[in-house]
Amino acid sequence: MFRIEEIGYMLLMVLIPLLWVMRILFQKRSQKLWTSLGNLVQLKRSASFDGSSELRKFIFLSTSFFLIIIALANPQFGQKREKVKSQNAEIFIALDVSQSMEASDIRPSRLARSKLLIKQLTENFAADKIGLISFAGDAYLQSPLTTDIATIQLLSEMLTPASMPSPGTSISSAIKMAMKSFPKKDGYHKLLILISDGEDHEGESLELAKQAAEEGISIVSIPIGTEEGAYVPNPPGAAEAFKRDKNGELIKTKPNRSLLQEISSAGGGGMLELEQGAQLFEELKKKMGNMMKKDLSYQSFNDYESYYQWPLFLALLLLILDGFFNYKKAL
């Protein structure tokens, strides 16, 4: 493999043919001047003019200039490949903050229980980089990847459906945001933990989960809510306590476990249940351990070696030789 690190310096190459053109023009002008003064051959002899020495000097200088440009551009050869075992993971937690997450089939509410889960997750994976994404009708990056778990916990506590500009539920937007927010680098295992009741109003989540898996992002989903479900509460200040549909019927929300299972399967992760308690974190650690046993656990990186020293050495050598010939001529 070969590359030029500072390609902009190569633009200076246009000066070399310009120097040759200027030399030719200068020679023609000099010849006209010498001819106007008398016989050109006799005058050159009487002036001890050495055309070959002048040409050699110009070739040395222009070649040195060429080599210095190459050195400035810093040619880099080869590809030094090394295998590095990744010891850490990068984790994004995507929290559903839609209105249905205020349902109270899990006490005190789905959202409150999810925030407690985030606190427990950050404490169990404090050695890893963790980021936070909130989503409802759209997704928002609350925190990039960080080891500051206190910040993640504080930001998650502040999230409410009222803080989301777009109502609804779009799991696909959360996956898109995670794909955008993970750094494009090797050496880390990328994991998206999706905390949601699974009420997806967009329908693109499965395809995006497959795309995420292709980019090395595993998705683990954790459904929030019971099979019995609960009525969706209205925001504070509303006339009624619960939402109604167009027919005036109370809207009941149940977690869509089948969808979350499909998303996590497509994303190469799996689904965990909140009811597992402490076992949930052990299962998650096992899943991360399995991730590290896959090919992704050994990441290769490329390191280009610089060879600017060689053209710089040759340029200095030519300048020294030119000085040596001039010194020898003077003697």
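Predicted model: local features only at pLDDT ≥ 70, side-chain atom pairs only at ≥ 80, totals over all residues.
View 1. The structure contains 3 aromatic pairs. In one of them, the ring centres of Phe92 and Phe182 lie 5.0 Å apart and the ring planes meet at 85°, so the pair is edge-to-face. Because Phe92 belongs to strand β3 and Phe182 to the loop between α6 and β6, the pair ties together parts of the chain that are 90 residues apart in sequence.

**View 2. The open sheet of 6 strands.** The strands follow the order β5-β4-β3-β6-β7-β10, and their pairing is mixed. The edges are formed by β5 (139-146) and β10 (268-271); each has a single partner strand, so one side of each is left without a neighbour in the sheet. On average, neighbouring strands of this sheet are turned by 15° against each other, direction ignored. Strands of a sheet pair through backbone hydrogen bonds, in either a parallel or an antiparallel manner.

**View 3. Strands β3 and β4, with helix α5.** Strand β3 (residues 89-96) and strand β4 (residues 129-135) run parallel and are joined by 7 bridges. Within this pairing, Ile93 stands opposite Leu132 of β4. Helix α5 (residues 149-158) packs on the sheet, where it touches β4 and β5. The direction of helix α5 makes an angle of about 10° with that of β4.

**View 4. A salt bridge within helix α4.** The structure has a count of 9 salt bridges. One of them joins Glu123 to Lys119, with the closest N and O atoms 2.7 Å apart. Glu123 and Lys119 are 4 residues apart in helix α4 (residues 110-124), which means that about one helical turn separates them. Glu123 is partly exposed, at 44% relative accessibility. Lys119 is also partly exposed, with a relative accessible area of 37%.

**View 5. The salt bridge between Lys176 and Glu204.** Between Lys176 and Glu204, the closest N and O atoms of the salt bridge are 3.7 Å apart. This pair links distant parts of the chain, 28 residues apart: Lys176 is in helix α6 (residues 171-181), and Glu204 is in the loop between β6 (189-196) and α7 (205-214). Lys176 counts as partly exposed, with a relative accessible area of 44%. Glu204 is partly exposed as well, at 41% relative accessibility.

View 6. The side chains of Arg257 and Glu227 form a salt bridge, with an N to O distance of 2.9 Å. Arg257 lies in helix α8 (residues 257-266), whereas Glu227 lies in the loop between β7 (217-223) and β8 (230-231); the pair thus links distant parts of the chain, 30 residues apart. Arg257 is buried, with a relative accessible area of 16%, whereas Glu227 is partly exposed, with a value of 49%.

**View 7. Charged side chains over aromatic rings.** Arg23 lies over the face of Phe58, at a distance of 5.4 Å from the ring centre. In a second case, the charged end of Lys252 is placed over the ring of Tyr231, 5.8 Å from the centre of that ring.

**View 8. Asn74 and its contacts.** Asn74 is located in the loop between α3 (51-73) and β2 (75-85). Its relative accessibility is 9%, and because this is under 20%, Asn74 counts as buried. When neighbours within four places in sequence are left aside, Asn74 is in contact with Arg3, Ile4 and Glu5, and also with Ser306, Tyr307 and Tyr308.

**View 9. Ile68 and Gln309.** Ile68 is a residue of helix α3. With a relative accessible area of 32%, Ile68 is partly exposed. Ile68 and Gln309 are separated by 241 residues in sequence, while their C-alpha atoms are 9.8 Å apart in space.

Terms used: Residues numbered from 1 in each chain as written. Heavy atoms only, no water. Helix = DSSP H or I, 4+ residues; strand = E, 2+ residues; numbered from the N terminus. Buried < 20%, exposed > 50% of the residue type's maximum accessible area, 1.4 Å probe, protein only. Contact = heavy atoms within 4.5 Å. Pairing = 2+ DSSP bridges. Axes fitted to C-alpha atoms, helices over the stretch in contact; angles between N-to-C directions. Salt bridge = Lys/Arg side-chain N within 4 Å of Asp/Glu carboxyl O. Phe/Tyr/Trp six-rings, centres within 6.5 Å; stacked < 30°, edge-to-face > 60°. Lys NZ or Arg CZ within 6 Å of the ring centre and 35° of its normal.
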